[in-house]
Amino acid sequence: MEIKLVSSTQDILKTVSTAARVCYSGLSVDELLSKFSPEDNRKLIKKVAGMGHLSVIEHAVFTFSVPESLKEELLYIMMEKPYLSISHIENGFIVTLNLRTMKELQTLFPEFKFTKAVAEYIPEWLA
């Protein structure tokens, strides 16, 4: 069994950029969802993330199936970064975490197999 994506937020860029704008814009959510182009959204997220405001990227969520062989890595991650949900299943785990946690794992545990696998799902506009 390898690490496999089970599910994720549908339109990550739109979800994250709308979350970034909703607090400071006088527009309705419907307007925020329809008014801005993907390029506008990428520019906003690069700017916001570049300023260290990573809370908006927490709105994108991913769920993975993870083999039993990575149990030690997952336990170690949980001790250092308890922002993921882990459920034991036959032959492995179901792990749910947000985009911010995925990004932070790259810095904390770049050598872990789990980190390398989930990093493939970090959008290029956040890299």
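1. Start with the ring cluster: F62, F64, F114 and Y121 are linked into one by ring pairs. Rings of Phe, Tyr and Trp (its six-membered ring) pair if their centres lie within 6.5 Å; planes under 30 degrees apart count as stacked, over 60 as edge-to-face and the rest as tilted. The structure holds six aromatic pairs.

2. A quick word on what you're looking at. This is a predicted model, in which local features need pLDDT of at least 70 and side-chain atom pairs count only at pLDDT 80 or more, while totals for chains, interfaces and linings use all residues. Residues are numbered from 1 along each chain as its sequence is written, and side-chain values use heavy atoms, with hydrogens and water left out.

3. Now find Y76. Its ring makes an edge-to-face pair with F109, at 5.5 Å centre to centre and 75 degrees between the planes. Y76 lies in helix α4 (residues 71-80) and F109 in the loop between α5 (99-108) and α6 (113-119), so this pair ties together parts that are 33 residues apart in sequence. Helices (H or I, at least four residues) and strands (E, at least two) are DSSP runs, numbered from the N terminus.

4. Y76 also pairs with F112: the ring centres are 6.0 Å apart and the planes at 70 degrees, so this pair is edge-to-face. F112 sits in the loop between α5 and α6, so its pair with Y76 in α4 joins parts that are 36 residues apart in sequence.

5. Y76 is partly exposed at 39%, whereas F109 is buried at 6% and F112 is buried at 13%.

6. Next, the sheet. It's an open one of four strands in the order β1-β2-β4-β3, with antiparallel pairing. Two strands pair if DSSP finds at least two bridges between them. At the edges are β1 (4-8) and β3 (84-89), each pairing on one side only. From one strand to the next, the twist averages 20 degrees.

7. Here's how the strands join up. β1 and β2 (residues 61-67) pair over four bridges, and S8 has F62 as its bridge partner in β2. β2 and β4 are joined by seven bridges, with V95 in β4 as the partner of F64. Six bridges join β3 to β4, where S87 stands opposite I94. β3 and β4 also form a hairpin with two residues between them, and N91 in the turn has a positive phi of about 70 degrees.

8. How much of β4 is covered? Mostly, it is: five of its seven residues are buried.

9. The N-terminal end of α5 is capped by N98, which has a side-chain oxygen 3.0 Å from the backbone nitrogen of R100.

10. One last thing to find: the charged end of R21 sits over the ring of F36, 3.6 Å from its centre. A charge sits over a ring if NZ of Lys or CZ of Arg is within 6 Å of the ring centre and within 35 degrees of the ring normal.

Notes:
Buried means under 20% relative accessible area, exposed over 50%, partly exposed in between (1.4 Å probe, protein chains only). Axes are lines fitted to C-alpha atoms, for helices over the stretch in contact, and angles run from 0 to 180 degrees between N-to-C directions. A polar contact is a pair of N or O atoms within 3.5 Å; within protein, one must be able to donate a hydrogen and the other to accept it, and residues adjacent in sequence count only if both atoms are side-chain atoms.
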